[in-house]
Every structure is written in structure tokens, then in C-alpha cells.
Amino acid sequence: MALDIKIVEEAQKPLGMNPKKFGLWLFMGSVIMVFAAWTSAYLVRRADGNWRVFELPSLFWITSVIILVSSGTMHWAYLSAKRDNLEQTKLAISITSLLGVAFLIGQFLAWGQMVEHNVHFVGNPSGSFVYVISWMHGLHIVSGVVFLLIVLVATFQYKVHSKRMSQMEMCATYWHFLDALWLYLFVFLLLNR
């Protein structure tokens with residue numbers, strides 16, 4: 001009899017994850033495939049010749065530090081929400097959002113550095129790849145900042161706390177993913193000039 005009750009209890013447990021979280025993981029998987037395709041195309045095209053070697057913008061180093069720090073502030077926001085410290089959650093998400101915007105400004109200025117060094121979107125494929133890869137990552141950062149702002153508003157409405165962590169967990173997962181993706185891309189570009 002006890003075994004039958006245990007089987008019934010286990011059968012009533014949900015078998016999967018939250019559909020929104022599952023959708024986020026599918027989306028991140030597709031983003032990984034897109035960037036894997038671009039980095040693979042980069043390597044294939046570089047081997048073809050007619051490849052201009054140039055120094056990456058020095059601002060890429062600064063934006064990499066910014067995004068690393070933002071990952072720390074995002075984790076702070078997550079931990080604060082788990083502890084129901086909503087004031088710290090608001091502060092940490094606000095700082096993370098500002099760091100995301102600072103990253104985008106830094107990337108924009110880095111593209112300006114490339115233009116100053118006569119590396120343009122057209123003319124040589126090496127520059128084109130750097131622009132496309134960093135632009136597309138920047139576009140995903142914009143979506144991440146929007147997600148951060150949505151969670152920030154929800155926090156001000158007391159919809160994010162230890163008993164309602166789904167939105168915060170998804171936001172943190174996506175933000176850490178974007179951070180790791182940039183670090184991969186930056187190291188890839190550094191090693192494959």
C-alpha cells in the first residue's frame with residue numbers, strides 16, 4: 001500500500017521545467033549555434049587569404065571587465081531576491097542595467113576605434129567579421145537590458161521575492177549566458193586574428 005501511494009505521489013509531480021524557462025534554453029541554444037556558425041565561418045574565411053590582421057580595439061578589454069562586473073551584480077540581485085531583500089535587489093538590478101548600457105556604449109566607441117584605424121565594415125572580411133560578431137552580441141545585450149528592466153519593474157511591484165523567483169532566475173540565466181558568450185567571442189577574436 002505504501003508503495004502504491006509513493007508511485008501516485010511521484011506520478012503527480014511535474015515531469016518538466018517551466019515552459020518559459022524551456023523556451024529560454026531553446027533560444028540560448030539557437031544563439032550558440034548562430035555564433036558557432038559565425039566563428040566557424042571566420043576561421044574558414046581567414047584560411048582563404050586576403051585577411052587583414054589588425055589590433056582589436058582597446059575598449060574591448062574595458063567592455064569585457066564591465067560585463068564581468070555586471071555578472072557579479074546580477075548574482076547579487078539574484079541572491080538578494082532569494083533573501084527577500086528587495087532594496088538590494090532593486091539596487092543590484094539597476095547597477096546591472098547601467099553596466100549593460102555602459103557595455104553597449106563601450107562597444108559603440110570600440111567600433112569608432114576600428115574606424116580610426118581604418119578598419120571598416122566593408123573592404124576586408126576580417127573587419128567585417130568583427131563588426132558583425134560584436135554587433136549581434138550587442139543586439140542580444142539590448143534584449144538582456146530590456147529583460148533586466150522588466151524584472152526591475154516587477155521588483156518595484158513586489159512580484160519578485162523568494163517565493164516568486166522564476167522571472168529572476170530566467171533573467172540571471174540569460175544575463176550570465178550573454179556575459180559568457182562575450183568572453184568566448186573576445187578570446188576567440190584575440191586568438192584568431
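## Surface and burial

The protein exposes about 10800 Å², of which carbon and sulfur atoms supply 70%; accessible areas come from the Shrake-Rupley method with a 1.4 Å probe, and for residues only the protein chains shown count as cover. Buried residues (under 20% relative accessible area) make up 42% of the 193 residues.

This is a predicted model, in which local features need pLDDT of at least 70, side-chain atom pairs count only at pLDDT 80 or more, and totals for chains, interfaces and linings use all residues. Residues are numbered from 1 along each chain as its sequence is written, and side-chain values use heavy atoms, with hydrogens and water left out.

## Fold and dimensions

The secondary structure consists of six helices and zero strands, where helices are DSSP runs of H or I with at least four residues and strands are runs of E with at least two. The radius of gyration, taken over C-alpha atoms, is 21 Å, well over the 16 Å that the globule rule (2.2 Å times the number of residues to the power 0.38) gives for 193 residues, so the protein is more spread out than a compact globule. Its C-alpha atoms fill a box of roughly 75 × 40 × 20 Å along the principal axes.

Contact means heavy atoms within 4.5 Å. Leaving aside residues up to four places away in sequence, Met74 touches Thr96, Leu148, Met168, Cys171, Ala172, Trp175 and His176.

Key
Buried means under 20% relative accessible area, exposed over 50%, partly exposed in between (1.4 Å probe, protein chains only).
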